[in-house]
Amino acid sequence: MKCLDWKEKISGYIDGEISPAEVREVEGHLEACESCRALERRMRAVGGGVASIETSVSTDFREKLFARLEAEELLPRRRSLFVFSLRWAALPLAAAAAFGLFLLVSPEKGRDAILPQGGLPRVAQQSPPSSASGIERPVATAAAVLSPEEREIVAHLEVLEDPAALEDQGDADTIEIFGTARGRRG
Amino acid sequence: MRTDEELFELYRGGSRDAFEILFSRYHRKVIHFAYRMTGEQARAEEAAQETFLRVARAAGTWQPTARFSTWLYTIARRTTLNYIRDEKDGGEKVSILPGEEDKDGQPAPQLPGPKALNPEEMAWSAEVRERFAAALQRLPETYRAAFVLNRGEGLSYEEVASVLGITVQAVKSRIFRAREMLMESLAEILP
């Protein structure tokens, strides 16, 4: 077999595309033939040359391609984080909006809803505004019918607001309630 | 890690993420392939863009039994072929001949050859690479495609045969002929 006939086999040998039996034959020949060894070196070099040919990729390559794909509706559009967040926040936002509306439309119920369980002490709820003393009290919101006991308390409000009078009456519960008011006034 | 085929199936089902992973795996390879085939960066990028668009457009016709990479290279090769033909209509092709001259009529300069112990891992200088790229462009497209797919992209003879739609024996023959032509053309710079 002449060297010329080995050429194609050496090419296949370099590419790993010949049988194990052919590999043994080629390697045996290469060991014995200097000119075919030189040929093998050149063949390997041109293969390496192809692999060395590379180019850079433009920074906007991806952006351009994806824009074209989206324009042709070949690629689902990515939702923005804002839209995604809004979607998940929709339910709590709607609940908050409904609650706010409820408070606006129904102020009485709304106020009740934010008061401590059991509401304010009745005394505080129904005490009339004190223009003279300047004490800030919760505004009475309903003209409820007072019980006899409550009427009595209201009738003595001025007395109750006077610490000296309280001492005379010895009403421990009432003293405690208006103690704060006294402090504020001071 | 998901296979290419699994990812492409997911893309066909509407997954953008699957397409993005496939893109990240293959876009450089496709661009390099197109560059090796066309020899021009701008043209290579255009061809690579067109390749991915065609892949997306033809997603419905892909058979899950086929290897995605082979299918992708088949589309890439056909796309670059169109670009090469377009160029050929307006330009000229020079055949590889020993002692050839450059396009401007000047004798080809003598360049220092690649130096390394392993011929496949030679340090190719920019000048030599340019010279090599030019020689590659002068190969007939059928030889160039077979050689680039095998040596540049790492496809086996069988895979190259599948991409080019020819027999394995024909691939073997084309790659051998491409090597011979390149060795003739680059004789003065090869070891």
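Modeller: Helices here are DSSP runs of H or I with at least four residues, strands are runs of E with at least two, and both are numbered from the N terminus. The model is a predicted one.

Colleague: With those run lengths in mind, how many helices and how many strands are there in chain B?

Modeller: Chain B has 8 helices and 0 strands, and its elements, read from the N terminus on, run α-α-α-α-α-α-α-α. Of the 191 residues in chain B, 51% are buried, and among its contacts with a separation of 6 or more, 64% are between residues 24 or more positions apart. Chain B exposes about 9200 Å², of which carbon and sulfur atoms supply 48%.

Colleague: What makes helix α7 of chain B largely enclosed by the rest of the structure?

Modeller: A residue counts as buried when its relative accessible area is under 20%, and 6 of the 8 residues of helix α7 (residues 157-164) of chain B are buried, so this helix is largely enclosed by the rest of the structure. The buried residues are Tyr157(B), Glu159(B), Val160(B), Ala161(B), Val163(B) and Leu164(B). Just after α7(B), Gly165(B) takes a positive phi of about 70 degrees.

Colleague: Which residues touch the most other members of the largest nonpolar core?

Modeller: Membership requires buried residues of the nonpolar kinds joined through side-chain atoms within 4.5 Å. The largest such core has 80 residues, and those touching the most other members are Ile10(A), Leu69(A), Phe8(B), Tyr11(B), Phe19(B), Phe68(B) and Leu182(B). The largest share of this core, 11 residues, comes from helix α2 (residues 16-38) of chain B. As for Phe8(B), when residues up to four places away in sequence are not counted, Phe8(B) touches Leu22(B), Val55(B), Ala59(B), Trp62(B), Phe68(B) and Trp71(B).

Colleague: Why is the pair Lys7(A) and Glu180(B) called a salt bridge?

Modeller: The cut-off is 4 Å between a side-chain nitrogen of Lys or Arg and a carboxyl oxygen of Asp or Glu, and in this pair N to O is 3.2 Å, so the term applies. Lys7(A) lies in helix α1 (residues 3-14) of chain A and Glu180(B) in helix α8 (residues 168-185) of chain B, so the pair joins two chains.

Colleague: What makes Lys7(A) partly exposed, and what makes Glu180(B) count as buried?

Modeller: Buried means under 20% relative accessible area and exposed means over 50%, with partly exposed in between. Lys7(A) has a relative accessible area of 22% and is therefore partly exposed, whereas Glu180(B), at 15% relative accessibility, counts as buried.

Colleague: What are the closest N and O distances in the salt bridges of Asp15(A) with Arg151(B) and with Arg179(B)?

Modeller: The closest N and O atoms of Arg151(B) and Asp15(A) are 3.1 Å apart; this pair crosses between chains, from helix α6 (residues 141-152) of chain B to the loop between α1 and α2 (20-32) of chain A. Arg151(B) and Asp15(A) are buried. For Asp15(A) and Arg179(B), the closest N and O atoms are 2.7 Å apart; Arg179(B) lies in helix α8 of chain B and Asp15(A) in the loop of chain A, so this pair, too, joins two chains. Arg179(B) is buried, as is Asp15(A).

The structure holds 25 salt bridges over all chains, and Arg62(A), Glu70(A), Arg77(A), Arg16(B) and Glu20(B) are linked in a network of them.

Colleague: Why do Glu73(A) and Val105(A) count as exposed?

Modeller: With the limit at over 50%, Glu73(A) counts as exposed because its relative accessibility is 73%, and Val105(A) because its relative accessibility is 66%. Glu73(A) lies in the loop between α4 and α5 (81-105) of chain A, and its phi is near 55 degrees, a positive value in a residue other than glycine.

Colleague: Where in chain A is confidence lowest, and where is it highest?

Modeller: On a scale from 0 to 100, chain A averages a pLDDT of 72, and 54% of the residues score at least 70. Confidence in chain A is lowest in helix α11 (residues 172-185), at a mean of 44, and highest in helix α4 (residues 61-71), at 96. Over residues 130-143 of chain A the pLDDT is below 50, and this stretch has 21 contacts in the model beyond near neighbours in sequence; over residues 170-186 of chain A the pLDDT is also below 50, with 14 such contacts. Where pLDDT is low, predicted coordinates should not be read in detail.

Key: Residues numbered from 1 in each chain as written. Chains lettered and ligands numbered in written order. Heavy atoms only, no water. Buried < 20%, exposed > 50% of the residue type's maximum accessible area, 1.4 Å probe, protein only. Contact = heavy atoms within 4.5 Å. pLDDT = per-residue confidence, 0-100. Areas by Shrake-Rupley, 256 points an atom, 1.4 Å probe, with all protein chains shown as cover.
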